[in-house]
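Student: I'm new to this one, could you walk me through it?
Tutor: Gladly, let us look at it together.

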Amino acid sequence: QNISPQLAWTGVPAGTKSIALICDDPDAPVGDWVHWVVFNMPAATNALAEGVRALPAGSRKGTNDFRKLDYGGPCPPGGVHRYYFKIFALDAQLSLGEGATKAQLLKAMEGPILDQGALMGRYRRQ
């Protein structure tokens, strides 16, 4: 249904200027499959509601592997897949434009990462 899960985090370090989020599936048949890319969320952001469409002011959406700017839900062709939600506290606002890819985001984050965390969930089609 492409409804993003509710996410919340704590412990954002002092000096954080922005938050970035990547969700991907390393078990996809074609290799790592990107489901969600968000960056430049304000440092005070500590949660995203289930099914969020309007991100906090100033946030930018990246392009996922569905070639969309929004969350793309799990859809493994078979078996159980792991879905990682990775959060990054950055000491900078990134100069990337809307639609940046995960690879572009990772390159831009080289250096400004103050802290990071991850949540992993498993999913399989019924």
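This is a predicted model: local features need pLDDT of at least 70, side-chain atom pairs count only at pLDDT 80 or more; totals for chains, interfaces and linings use all residues.

Student: OK, how many aromatic pairs does the structure hold?
Tutor: It holds 3 aromatic pairs, where rings of Phe, Tyr and Trp (its six-membered ring) pair if their centres lie within 6.5 Å, and planes under 30 degrees apart count as stacked, over 60 as edge-to-face and the rest as tilted. One of them joins Trp36 and Tyr71, whose ring centres are 5.2 Å apart with planes at 70 degrees, so this pair is edge-to-face.

Student: And where in the chain do Trp36 and Tyr71 lie?
Tutor: Trp36 lies in strand β3 (residues 33–42) and Tyr71 in the loop between β5 (60–61) and β6 (81–90), so the pair ties together parts that are 35 residues apart in sequence. Strands (E, at least two residues) and helices (H or I, at least four) are DSSP runs, numbered from the N terminus.

Student: Is Trp36 buried or exposed?
Tutor: Trp36 counts as buried at 3% relative accessibility, and Tyr71 counts as buried at 12%. Buried means under 20% relative accessible area, exposed over 50%, and partly exposed in between (1.4 Å probe, protein chains only).

Student: What about the rings of Tyr83 and Tyr123?
Tutor: Their centres are 6.4 Å apart and their planes are at 80 degrees, so that pair is edge-to-face. It links distant parts of the chain, with Tyr83 in strand β6 and Tyr123 in strand β7 (residues 113–123), 40 residues apart. Tyr83 is buried, with a relative accessible area of 6%, whereas Tyr123 counts as partly exposed at 34% relative accessibility.

Student: Switching topic, which residues lie nearest the centre of the largest pocket?
Tutor: Those are Ala8, Trp9, Ile87, Gly117 and Ala118, out of 18 lining residues. The volume of the largest pocket is about 250 Å³. On a 1 Å grid over the protein atoms alone, a pocket is an open set of points with protein on both sides within 12 Å along at least five of seven lines, a cavity is a set of points where a 1.4 Å probe fits but cannot get out, and lining residues have an atom within 4 Å of a point. Grid points are joined across faces, edges and corners, and a volume is the space filled by probe spheres set on the points.

Student: Which element gives the largest share of that pocket's lining?
Tutor: The largest share, 5 residues, comes from β7. By class, the lining of the largest pocket divides into 13 nonpolar, 4 polar and 1 charged, where Ala, Val, Leu, Ile, Met, Phe, Trp, Tyr, Cys and Pro count as nonpolar, Asp, Glu, Lys and Arg as charged, and the others, Gly among them, as polar.

Student: And which residues line the largest cavity?
Tutor: The largest cavity is lined by Trp36, Val52, Arg53, Leu55, Lys61, Leu69, Asp70 and Tyr71, and its volume is about 50 Å³. Its lining has 5 nonpolar, no polar and 3 charged residues.

Student: How many residues are in the largest nonpolar core?
Tutor: There are 15, of which Trp9, Leu21, Trp36, Met41, Leu48 and Phe85 touch the most other members. The elements giving two or more residues to this core are β2, β3 and β6. A nonpolar core is a set of buried Ala, Val, Leu, Ile, Met, Phe, Trp, Tyr and Cys residues joined through side-chain atoms within 4.5 Å.

Student: Last topic: where does Pro76 lie?
Tutor: Pro76 lies in the loop between β5 and β6, and at 2% relative accessibility Pro76 counts as buried. Leaving aside neighbours within four places in sequence, Pro76 is in contact (heavy atoms within 4.5 Å) with His81, Tyr83, Tyr123, Arg124 and Arg125.

Student: What is phi for Asn40?
Tutor: Phi of Asn40 is near 60 degrees, a positive value in a residue other than glycine. Most residues other than glycine have a negative phi. Asn40 lies in strand β3 and counts as buried at 4% relative accessibility.

Terms used
Residues are numbered from 1 along each chain as its sequence is written. Side-chain values use heavy atoms; hydrogens and water are left out.
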